[in-house]
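Subject: A structure for you to explore

Hi there,

Here is the structure I promised to pass on to you. Please open it and keep it beside you while you read my notes.

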Amino acid sequence: MKKSKIEKSKIEHEKIQIRNFSNKEIPQEIIEILSLGLDHPVGGIPRKNTILNQFELFFSQWSEYAHNNEIDLIKVTEIKSLLFLEFLKFCNCSSDMTNITKLKNFIKNNDDIIFCVIDKSKDIAIYNKNDYIKKLDDIYDPKNFEKIPNNPLKSDLRDLKSLISEISIVLTKSDNWLICPIESIKRGYGLIKCHREGEPLRPIISGLNCLTSGSETYLLNLIKPIVSECKYVINSTRKFNEHFRKIKDNFDPHKFEICSFDASSLFTSINVKRTVNYIIKKIYSKVDDFFPITPETPKPPPKLLITKLFMDVLLKYNSFETLGGFYRQKSGVSMGGKLSSAMATIFVHMLEDQIITKYIKKGVISSYVRYVDDVFVIVKKGHKMKLLKEMNNFDKGLNWTIENMENNKLVFLDTQIVLENSKLDLYQYRKPNTSQVLTNYKFGVSPKSYKNGLISGEVFRAKNCTTSEKHLMKHLMKP
């Protein structure tokens with residue numbers, strides 16, 4: 001019997017999980033709409049004039065930057081052409097308005113609930129807004145955060161402008177343009193950690209287009225040479241795979257063991273003053289490398305001013321707004337800040353330079369790499385607890401924990417390290433709560449090239465997480 005056209009058109013889509021922690025019953029049709037995920041673009045019918053205005057505004061701001069940096073006119077024209085090709089792609093994106101209208105009306109009529117992303121997944125949690133605000137208050141503990149009664153933006157803006165005016169006379173025009181403050185405060189929110197008891201939040205502080213965005217970009221560019229000196233750092237699973245392939249055949253399970261170290265709450269545990277002092281010492285020991293002498297900048301900025309800019313950007317102008325009020329971070333750096341990852345990398349590099357290098361030279365450590373706060377190490381048997389103790393003694397704010405192999409398996413990043421018959425291999429690892437949803441290929445409101453990119457990205461992800469063709473094919477063929 002032939003299937004009807006309607007039956008043929010029905011497609012079963014992979015759906016995310018919706019977890020309702022609120023006291024409201026969510027209509028099934030709303031659940032169905034949400035099950036496409038928060039990453040499912042809501043576009044409706046493209047407003048071409050609005051899109052064009054946004055593209056024009058973006059290009060206008062970028063061309064000013066290009067002019068200040070004396071970027072070649074041909075290159076600027078090339079960028080403009082590519083940008084407006086993207087504009088055409090956006091104009092060809094559309095979606096059915098029926099579901100969008102239903103969802104918007106539901107949100108408008110139920111402003112006492114809130115939709116939250118579940119950490120390390122694409123699933124959605126629904127909470128009463130008051131319950132979510134209480135969770136926010138719980139994660140911003142008095143030890144690391146201070147609740148403040150009013151929005152500090154005006155006073156912070158005034159003070160930062162005053163500091164920048166002192167530095168500006170020794171900076172290039174483009175750097176002055178870059179560090180110009182934006183009159184906007186950072187925003188704090190939380191990701192739901194459903195894998196933890198009580199579903200606590202993972203605090204995120206977004207510094208996008210805020211007061212210190214430009215200053216953070218300037219300082220990040222300044223310290224990139226120092227970050228590049230952190231020799232034990234890897235920045236991707238692919239880099240770990242490359243490292244692992246080099247060492248896996250030389251592993252001796254009779255003499256060495258594999259484990260991983262994890263720094264608890266690394267970002268809020270960073271000793272900012274100690275790290276900044278290290279950075280300033282590195283910069284001003286070779287000041288010409290960081291501040292080249294040019295007709296526009298005949299002398300480097302004074303050490304005290306650059307130190308103050310670092311400290312104030314990280315510890316003074318770090319207030320943010322949440323649904324529950326205004327906060328200022330008292331210690332460490334924020335998760336979500338432009339400088340945060342680089343500061344964490346340098347801080348732990350200081351530890352590695354003092355401790356890890358010594359153990360490697362002694363032959364106690366045969367392999368060591370780190371991705372932000374996760375460490376993979378092959379250490380001589382009988383030495384890992386001594387190593388862990390010494391790492392924890394480096395700074396009173398740091399707390400490292402250890403994870404050992406269980407049943408000859410250890411998870412690190414997106415991989416599972418497996419020891420079988422004295423031979424090491426990598427398998428791809430996905431957390432149990434990982435959603436299979438990427439985007440809806442047929443109905444997703446995004447250019448087709450973006451969707452194809454997602455598919456090829458998953459293939460490369462599997463390749464970078466495995467060390468044999470057999471394991472690669474096994475993961476690619478999984479449903």
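A word you will meet throughout is contact, which means heavy atoms within 4.5 Å. Please keep in mind that this is a predicted model, in which local features need pLDDT of at least 70, side-chain atom pairs count only at pLDDT 80 or more, and totals for chains, interfaces and linings use all residues. Residues are numbered from 1 along each chain as its sequence is written, and side-chain values use heavy atoms, with hydrogens and water left out.

**Thr467**

Let's start with Thr467, which sits in the loop between helix H17 (448–464) and helix H18 (469–476). Helices (H or I, at least four residues) and strands (E, at least two) are DSSP runs, numbered from the N terminus. Not counting residues up to four places away in sequence, Thr467 touches Asn241, Phe244, Arg245, Lys248, Asp425 and Leu426. With one of these, Asp425, the side chain of Thr467 makes a side-chain polar contact of 2.8 Å. A polar contact is a pair of N or O atoms within 3.5 Å; within protein, one must be able to donate a hydrogen and the other to accept it, and residues adjacent in sequence count only if both atoms are side-chain atoms. The Thr467 side chain also reaches the backbone nitrogen of Leu426, at 2.9 Å.

Is Thr467 buried or exposed? Its relative accessible area is 9%, so Thr467 is buried (buried means under 20% relative accessible area, exposed over 50%, partly exposed in between, with a 1.4 Å probe and protein chains only).

**Thr172**

Another threonine to look at is Thr172, in the loop between helix H7 (153–168) and helix H8 (173–179). Thr172 counts as buried because its relative accessibility is 18%. Its side chain and that of Ser174 are joined by a polar contact of 3.2 Å. Leaving aside neighbours within four places in sequence, Thr172 is in contact with Glu296 and Thr297.

Now find Val272, which belongs to helix H12. Val272 has a relative accessible area of 4%, so this residue is buried. Although Val272 and Met311 are 39 residues apart in sequence, they are 7.6 Å apart in space, C-alpha to C-alpha.

How do H12 and H15 meet? The axes of H12 (residues 272–285) and H15 come within 10 Å and cross at roughly 80°. Axes are lines fitted to C-alpha atoms, for helices over the stretch in contact, and angles run from 0 to 180 degrees between N-to-C directions. H12 is therefore roughly perpendicular to H15 (angles under 35 degrees count as roughly parallel, over 145 as roughly antiparallel, 65 to 115 as roughly perpendicular and the rest as oblique). Among the residues making the contact are Tyr278 and Ile279 of H12 and Phe347 and Met350 of H15.

**Two positive phi values**

Finally, look at two loops between strands. Glu199, in the loop between strand E5 (186–192) and strand E6 (201–206), has a positive phi of about 45° although it is not a glycine. Leu413 is also a residue other than glycine with a positive phi, near 55°. Leu413 lies between strand E13 (409–412) and strand E14 (415–420), and counts as buried because its relative accessibility is 17%.

Enjoy exploring!
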